[in-house]
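Okay, thanks everyone for coming.

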Amino acid sequence: MEPSSMPDKTHPLKVMHIISGDLWAGAEVQAYTLISHLREQCLVTAVLLNPGRLADELSQLDIQVIVLDETKMNSAALLVKLRKLMKALRPDIIHTHRQKENVLGSIANLISIRAKCVRTVHGAPEFSPKGLQRVQAKLDSLVGRCLQDAIIAVSDEMSESLEKIFPKHKIHYIANGINADLLRKISNQADFKERWPNDIHIGIIGRIEPVKRVDLFLEMIPLLMGELQNRALHFHIIGDGSLRLLLESQVDAMNFSESIHFHGYRSDIPTCIRSLDAVVMCSDHEGMPMTALEALAIGTPVIAHKVGGMAEILADYPEFLVEEHSAFGYAECLRKALNEIDNYEIKLPDNYTSKENFKSTLYLYKKLVSNQKN
């Protein structure tokens, strides 16, 4: 039976997503976006290993949310709980996100119902694993090869990298997607834009962790001061993380500290993006970052390191891609982009919408289940 012939309403697929949920970052935002569409045609359960915003947001959609708090249970206890849930709910598809969830979800499935098992790889590892982390990484690769039926890569570059680890036939490229129509309806301005309406606002958005290279963003600032259209500049670091205190102390010693603003975590990221004149992404590596997709949908230019999915996202704006991964490289690219911004019509390519992501993922689910039944 072909996937398209499987009834949706009379016999909807039962899908279980297993997600950490400790952060509200790219993987969580993408999972939320996908699940919000899946609930229209599937019976979806979200199993989260932490309470938090993702649990709250999914609950508001009337999604069945089950929190197995990893801060209160070890891996063995989580495995037992997951096995029990799978036997009770009997999902057709188990979809996991990130290493720990991949390992626990795959093994729990193996020792219970043996449903079709899928993972999404949202990005490359952020650090070299050591000790128990190395064991977990090896287990993650093993279960991907032996216990999971499909591996979703969010960029072409990632697909190629994953082919070195997993069987090629298991890898499926499905780009992340966002609800662009909803984002375009945002009309309000962030507080910083209201305070300095005539100034130029440049921001970096995300976790303040080593891989995001906020240090390069800060090193770029002295190279730009006083050079952009004779207007005052403000630089915004939006997000939180382990390096925040260190970087704040470094900024205190800079001559331009009054123009640099650490915002911490904010729940109004789309509003912030709309209020910025440019978003800078200088990560060492990226998958298919939701921030970049949101920025293009809103109409804000993205200046980004040419890695991961960024070359795909910015295919229509190759001049926004930075190959010289240095403060000078980002300053030069940003300077040119902002001086010529009136010549651009910034928009999101159609293939990065949440509907396209949903359609491709649902097709994969149905294909896997159909193959199982034949």
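Let me start with a question: in which helix do Glu 356 and Lys 359 lie? Both are in helix α15, residues 354-373, three residues apart, which is about one turn of the helix. When I say helix or strand, I mean DSSP runs numbered from the N terminus, with helices being H or I of at least four residues and strands being E of at least two.

Quick housekeeping before we go on. This is a predicted model, with residues numbered from 1 along each chain as its sequence is written. Local features need pLDDT of at least 70 and side-chain atom pairs count only at pLDDT 80 or more, while totals for chains, interfaces and linings use all residues, and side-chain values use heavy atoms, with hydrogens and water left out.

Back to that pair. The side chains of Glu 356 and Lys 359 form a salt bridge, 3.4 Å from N to O. The rule for a salt bridge is a side-chain nitrogen of Lys or Arg within 4 Å of a carboxyl oxygen of Asp or Glu. Glu 356 is partly exposed, at 34% relative accessibility, and Lys 359 is partly exposed too, at 49%. For those words, buried is under 20% relative accessible area, exposed is over 50%, and partly exposed is in between, with a 1.4 Å probe and protein chains only.

How many salt bridges does that rule give? The count comes to 15. The general idea is that side chains of opposite charge can pair when their charged atoms come close.

Here's another one inside a helix. Arg 335 pairs with Glu 332, and their closest N and O atoms are 2.6 Å apart. These two are three residues apart in helix α14, residues 327-339, so about one helical turn separates them. Arg 335 is buried, with a relative accessible area of 17%, whereas Glu 332 is partly exposed at 28%.

Now one that reaches across the chain. Asp 191 and Arg 266 meet in a salt bridge at 3.1 Å, N to O. That pair links distant parts of the chain, 75 residues apart: Asp 191 is in helix α8 (residues 191-195), and Arg 266 is in the loop between β10 (260-264) and α11 (269-275).

Next, charge on the surface. Lys 14, Arg 83, Lys 87 and Arg 90 gather in a patch of positive charge. Patches are built from residues with over 30% relative accessible area and no salt bridge, joining like charges within 9 Å, or nonpolar side chains (Val, Leu, Ile, Met, Phe, Trp, Tyr) within 5 Å. Lys and Arg count as positive, Asp and Glu as negative, and His and the chain ends are not counted. Each charge is placed at NZ of Lys, CZ of Arg, CG of Asp or CD of Glu. The areas come from Shrake-Rupley with a 1.4 Å probe, and for residues only the protein chains shown count as cover.

Lys 14 belongs to strand β1, residues 13-19, and is partly exposed at 31%. On the negative side, there's a surface patch made of Asp 156, Glu 157, Glu 160 and Glu 163. Glu 160 sits in helix α6, residues 156-162, and counts as exposed, at 54%.

What about helix α1, residues 26-38? Twelve of its 13 residues are buried, so α1 is largely enclosed by the rest of the structure. Among those buried residues are Tyr 32, His 37 and Glu 28.

Last, some backbone spots. Asp 62 has a positive phi, near 65°, and is not a glycine. Asp 62 lies in the loop between α2 (53-60) and β3 (64-67) and is exposed at 72%. Arg 98 also has a positive phi, about 75°, in the loop between β4 (93-97) and α4 (99-110), and is partly exposed at 32%.

And Ser 259 is in the loop between α10 (244-252) and β10, buried at 8%. Ser 259 and His 234 are 25 residues apart in sequence, with their C-alpha atoms 4.8 Å apart in space.
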